[in-house]
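This briefing concerns a predicted model.

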Amino acid sequence: MNPTKKVAFYTLGCKLNFSETSTIARSFGEEGFDRVDFKESADIYVINTCSVTENADKRFKSIVKQAQKVNPDAFVAAIGCYAQLKPEELADVNGVDLVLGATEKFKITDYLNDLTKNDFGEVHSCEIEDADFYVGSYSIGDRTRAFLKVQDGCDYKCTYCTIPLARGISRSDTMTSVLKNAKEISEQGIKEIVLTGVNIGDYGKGEFGNKKHEHTFLDLVTELDKVEGIERLRISSIEPNLLKNETIDLVSKSRAFVPHFHVPLQSGSNVILKKMKRRYMKELYVDRVTKIKEVMPDACIGVDVIVGFPGETNEIFLETYNFLNDLDISYLHVFMYSERDNTEAAEMGDVIPKNVRAKRSKMLRGLSAKKRRAFYESQLETDRTVLFEGENKEGYIHGFTENYVKVKAPWNPELVNTLHSVTLTKIDEDGLVRFNFQEDLVAN
């Protein structure tokens, strides 16, 4: 291939997608491509899609248009979850030349014999049953933290979710491979690794999805905690029924794991949790939050919630609202329920009007802001460690404490990707926290 060919990437969706985009980008580098920013002119644009909400579907079309504006002759490839679920639909979008499914995306350079524009999008998509092997990946060089994929796919049957259809069965990377990737990341000088996957608490199912757990999630975090050179490890999101006491205890005593958990709830009503086919009731969720706060009083706990699920009456919504209001959590990620093809929930009655869904979403986002503010206030006058990010945002540098308090300071390029001991002092007008350094700036 011509060594001067340029490739640009756009990633929609989750941390897992970011880690996979990075790995795919490295495979282009090995083929002699130069990676450029998506806003720049490239010979090929690769869009890694998401299908979690309707919004992601709509955004895809606008991103294709964006690429075509910069270079109308560029080759456009779509990969990722939406490409697996609805390949024909993506192939029909004007300007799309190639659509690759769940297994094909990691071999994308094999499909690029010729970068001439196609009249129609060409589809290479396996049956999702064939997505039974594991491809390890991690993101690097894009930011001060790396997303390290440890698991893929899901065996759960939540009634609203298309991820098992898009990513296949639950399967894991080997312990040896994860530790090797973690070492490679630490050697690049990256200070923080975020563990990611579709259902990471299910870690241990074999590479081909066989049910034998060679290692558990607890084994994984125990070993990762020993990897030298990694300052911080963060668990991205873990199901409440898979977050065991032993894991919480390990994090509380850990050298590198930070006191920050993101635990999906989805509803504070047992009626709705049953309709969603979640694998726990709200009482278990309370138990998990209580346990975390017992051993790590300053831990940050984030929660995923879906509003407007079929059958969520006003009374049931208020049950969720009050449940969350009373819970010692730090912030919410609120998702407005959207019907997805080939899911059980899409066939259910008692559909909630979209304007009602929007109103409930707004109420929970307001509650999230209140929770975050209260959590930040509880952290004032405490001593923390901040990892600073790499972007100059209107004259300020931002960073996060180990327990996920977002801080700001006047821009100083020397602080990028460094860790500093600070005392949190006050909350600024924009809701971010100011601090005083505890040591000389030269120290790292």
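The largest nonpolar core comprises 67 residues, and the members that touch the most others within it are Leu195, Leu224 and Leu364. A separate core of 22 residues lies apart from it and includes Leu12, Ile47, Ala74 and Val99. In soluble globular proteins, nonpolar side chains tend to be buried together.

**Leu364 and the pairing of α11 with α12**

- Beyond its sequence neighbours up to four places away, Leu364 touches Val305, Val307, Phe317, Tyr321, Leu324, Leu332 and Val334.
- Helix α11 spans residues 314-326 and helix α12 spans residues 354-379; their axes come within 11 Å and cross at roughly 10°.
- Angles under 35 degrees count as roughly parallel, and α11 and α12 are therefore roughly parallel to each other.
- On the α11 side, the contact is made by Asn314, Phe317, Tyr321, Leu324, Asn325 and Asp326.
- On the α12 side, Arg360, Met363, Leu364, Leu367, Lys370 and Lys371 take part.
- By class, the residues of this contact between α11 and α12 comprise 6 nonpolar, 2 polar and 4 charged.

**Asp202**

- Asp202 is located in the loop that runs between β10 (192-196) and α7 (217-224).
- With a relative accessible area of 8%, Asp202 is buried, because the cut-off for that class is under 20%.
- A polar contact of 2.7 Å joins the side chain of Asp202 to the side chain of Ser170.
- Not counting residues up to four places away in sequence, Asp202 touches Asp155, Ser170, Ser172, His213 and Leu242.

**Ser237**

- The loop between β11 (232-235) and α8 (245-253) holds Ser237.
- Ser237 counts as partly exposed, its relative accessibility being 28%.
- When neighbours within four places in sequence are left aside, Ser237 is in contact with Ile200, His262, Pro264 and Asp304.
- Ser237 and His260 are 23 residues apart along the chain, and their C-alpha atoms are separated by 9.8 Å.

**Positive phi values in loops**

- Asp350, a residue other than glycine, has a positive phi near 55°.
- Asp350 lies in the loop between β14 (331-336) and α12, and at 58% relative accessibility Asp350 counts as exposed.
- Asn417 is likewise not a glycine, yet its phi is positive, at about 60°.
- The position of Asn417 is in the loop between β17 (406-410) and β18 (419-427).

Terms used: Residues numbered from 1 in each chain as written. Predicted model: local features only at pLDDT ≥ 70, side-chain atom pairs only at ≥ 80, totals over all residues. Heavy atoms only, no water. Helix = DSSP H or I, 4+ residues; strand = E, 2+ residues; numbered from the N terminus. Buried < 20%, exposed > 50% of the residue type's maximum accessible area, 1.4 Å probe, protein only. Polar contact = N/O pair within 3.5 Å; in protein donor to acceptor, adjacent residues only side chain to side chain. Contact = heavy atoms within 4.5 Å. Core = buried A, V, L, I, M, F, W, Y, C linked by side-chain atoms within 4.5 Å. Axes fitted to C-alpha atoms, helices over the stretch in contact; angles between N-to-C directions. Parallel < 35°, antiparallel > 145°, perpendicular 65-115°, else oblique. Nonpolar A, V, L, I, M, F, W, Y, C, P; charged D, E, K, R; others polar.
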